[in-house]
Protein chains: 2
Amino acid sequence: MSPNGFNGIISSNGNGHVAPLHLQAPPAPTPSVNSLKASNLFFSPAPPGTDRSGTRGRYMLSIPWSKQSGWGQPKIGPLETINLDPLAGALQYAVSCFEGMKCYKGEDGQLRLFRPDKNFDRLKRSAWRIGLPYDWDNSELLDLLVKLVALEAPIVPNEDGTNLYIRPTLIDASSSFGLREDGLASEAMLYVATGINVGTKIYPSADGKGLKLNTSSDFIRAWPGGTGSYKLGANYGESKRPVHIAKQPGYAMSLWLHGDRDYISEAGGMNIFVIKQASDGFLEFVTMSLANGIVLPGVTRSSIIELLTNHASGIKDFPTVGMPKNIRVVERDIPMQEIIDGIADGFFGCGTGVVVVSIAEITYANNVYHIPYNPLVRLIRDTMTALQRGKIESEWSYKVPAWSGPGLESTEEVIIT
Amino acid sequence: MSPNGFNGIISSNGNGHVAPLHLQAPPAPTPSVNSLKASNLFFSPAPPGTDRSGTRGRYMLSIPWSKQSGWGQPKIGPLETINLDPLAGALQYAVSCFEGMKCYKGEDGQLRLFRPDKNFDRLKRSAWRIGLPYDWDNSELLDLLVKLVALEAPIVPNEDGTNLYIRPTLIDASSSFGLREDGLASEAMLYVATGINVGTKIYPSADGKGLKLNTSSDFIRAWPGGTGSYKLGANYGESKRPVHIAKQPGYAMSLWLHGDRDYISEAGGMNIFVIKQASDGFLEFVTMSLANGIVLPGVTRSSIIELLTNHASGIKDFPTVGMPKNIRVVERDIPMQEIIDGIADGFFGCGTGVVVVSIAEITYANNVYHIPYNPLVRLIRDTMTALQRGKIESEWSYKVPAWSGPGLESTEEVIIT
């Protein structure tokens, strides 16, 4: 795996020039005094009678870090508050980054993660960008994360659309006024909280109805030279909150536009694909280039690109029957005018949250543009879901080993796996 | 005072068009169920023997808010941690905004704030932008803030360059996964922490040496349609942290550039003024326009503009002798080429942190450009400092009434004012 968490996308921008910084792997990290060690785990069982009926995971994983002593003892214990200095960088200067991951329970009861290394690598990139530590060994972090996830096994449902949402978060816990000589946090906290997706549909399914989007060109999500390609808290707060910006009544979310031709970047927190019949007979899957650094390099995005390009080149057939052979993936910016001109033969968003969702309607400059429903969106969605849930076996699916914390059996909170 | 905290700047952009959203006052807020009431203050004295030797204020002010019950009881008590849900909007999505204010102790022992309403109004704009409550009455908040400040009176030094730095902060304390229907926080916390500036010089004084800046055009601080004109945590973290971005060895900070002509926006966290001899004999003070929303509308910036324009128009003389009469303030974008061409007859940064500081040297595209030192920078700095410290009386200076918390006299921690 590429150390920056990309999936061969870099090569599409390679033409002898040095890649923009946001496409480069972070420099080798300075090793912490003490490295992150899963074997140091301290486990604190939830007290007897802990409520398991809510939609929040009952446990959390937390690992402190300091410049002076490196990674401290990892702890898995009951969900609790994060206690911070009022002047902590996370609160004052938005020095925080996160990942969104999902754990799926198959019909066989097996819990599976989807390409966790991709998320860990992206978290490293984000951390590097804002001066947080990023020197952990992914396998150590994975070892801890799967234990946390295994503890929640009894409360993870196994119907389609349900899962355990996992939120790794890395924040600057050190007090920060003004400028720091080295620009780095002196204390940090890596923690992981979870939540149950019980299958309530925030987003309509990709059954042909599709989402309605409005567009935002007054409010711009990201810009070249900014942080749009990093998963920083700072990219999300301002874009999600104000009613009139993020989400207008009747719309699922906003399509973010940028530049003098109102190029499409993302929709809400999703990457975007436009399906387009090309004049040479090929079906094109057009998605925004990562080259200008304003688009998040999504794990779902890169997985779909990989499946489609492997299929097109004959390296490996698309895992599900029905994908035509004459397809190609194109990474380029798409101006709104192309949507207005009706070039789209399909339009979908993708991301860990939605997986894959069809887009049916876009409102732009007071006009409504309808996008034809393309059944390939459903095919891609079903394929991704099958890969994630283990209905299709693949190396992308990571099986979570069973684990019941030591001492847990002595409480009422017996874990039955 | 204009409800959006601007100082007549809006009119300079008025030419019949509707002002960009970031130049408009926020819409009238929805009143909270319970309004913010200073009379509800709960005061908790610091325990006997609390250390007063550090550079942190010993007390903090905190006021909880919830959608359900509005503003809760304000509390002034010993500095303590902020305890948040791991999924709080402040930690996950950078839903946080802040202000920087200073309290100065005069030679007479009197504590003074500088235009606190300006900061409170700007905090309201920031809060509105990210879906936090902004319906408080500034006079209620001021009433609480001055009590906090008064408690620290004994530890505030009164030499030039020293002060009590005040950090009002407003954060989203509510758990947030995914999209919210109304885009608004359901719980928030407004708190104020303080720190002593003991006169250690982070920035060199404006005595002719001046700062050295490098320039950043690979990394862009803000962009039209973004949040550069709001004081959000999200604008600061990514810009301050990485070594190679924010602060290179030998440089005080980075000059932020943007656009195809590398226009100057800010330097570090300061607004910028260029002094330029115009061909018609006038001396121009050129500062970046607020029109495109990428520059923070600084309180120091607007105060300097007001002093200079009043002086030029004859409304009110500059408070200190020595300012020429034939001057004008120009708000426009300045491309780096003008600096290269040597148009600058002086260059300074301003802000609450630095007050006013001369800039002597700018490194751009591997060339070093020297800026002549202009003694008017020192004049402006001394004038602003005199206004802030009460050496020149003005309506901008707010005298902090003495206050010793009830019950405090019963501890060792007796406040002597």
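The backbone nitrogen of S186(A) lies 3.2 Å from a polar atom of the S174(A) side chain. In this predicted model, local features need pLDDT of at least 70 and side-chain atom pairs count only at pLDDT 80 or more, whereas totals for chains, interfaces and linings use all residues. Residues are numbered from 1 along each chain as its sequence is written, chains are lettered from A and ligands numbered from 1 in the order in which they are written, and side-chain values use heavy atoms, with hydrogens and water left out. S174(A) is placed in the loop between β9 (163–172) and β10 (187–197) of chain A; helices (H or I, at least four residues) and strands (E, at least two) are DSSP runs, numbered from the N terminus. S174(A) counts as buried because its relative accessibility is 1%, where buried means under 20% relative accessible area, exposed over 50% and partly exposed in between (1.4 Å probe, protein chains only).

K231(A) sits in the loop between β11 (211–216) and α4 (237–240) of chain A and is buried, at a relative accessible area of 10%. With neighbours within four places in sequence left aside, the contacts of K231(A) (heavy atoms within 4.5 Å) are C97(A), F98(A), E99(A), G100(A), R122(A), S126(A), Y236(A) and L296(A).

Helix α6 of chain A comprises 15 residues (299–313) and reaches 21 Å from its first C-alpha to its last, close to the expected 21 Å; the expected span is 1.5 Å times one less than the number of residues. Since 12 of the 15 residues of α6(A) are buried, the helix is largely enclosed by the rest of the structure. Among the buried residues are R301(A), E306(A), N310(A) and H311(A). G314(A), which follows α6(A), has a positive phi, near 85 degrees.

Chain A as a whole has 8 helices and 20 strands, and 60% of its 417 residues count as buried. Of the contacts in chain A between residues at least 6 apart in sequence, 73% join residues at least 24 apart.

In chain B, N374(B) occupies the loop between β19 (367–370) and α8 (375–389) and is buried, with a relative accessible area of 10%. Apart from neighbours within four places in sequence, N374(B) contacts I275(B), D345(B) and G346(B). A polar atom of the N374(B) side chain lies 2.9 Å from the backbone nitrogen of L376(B).

Key:
A polar contact is a pair of N or O atoms within 3.5 Å; within protein, one must be able to donate a hydrogen and the other to accept it, and residues adjacent in sequence count only if both atoms are side-chain atoms.
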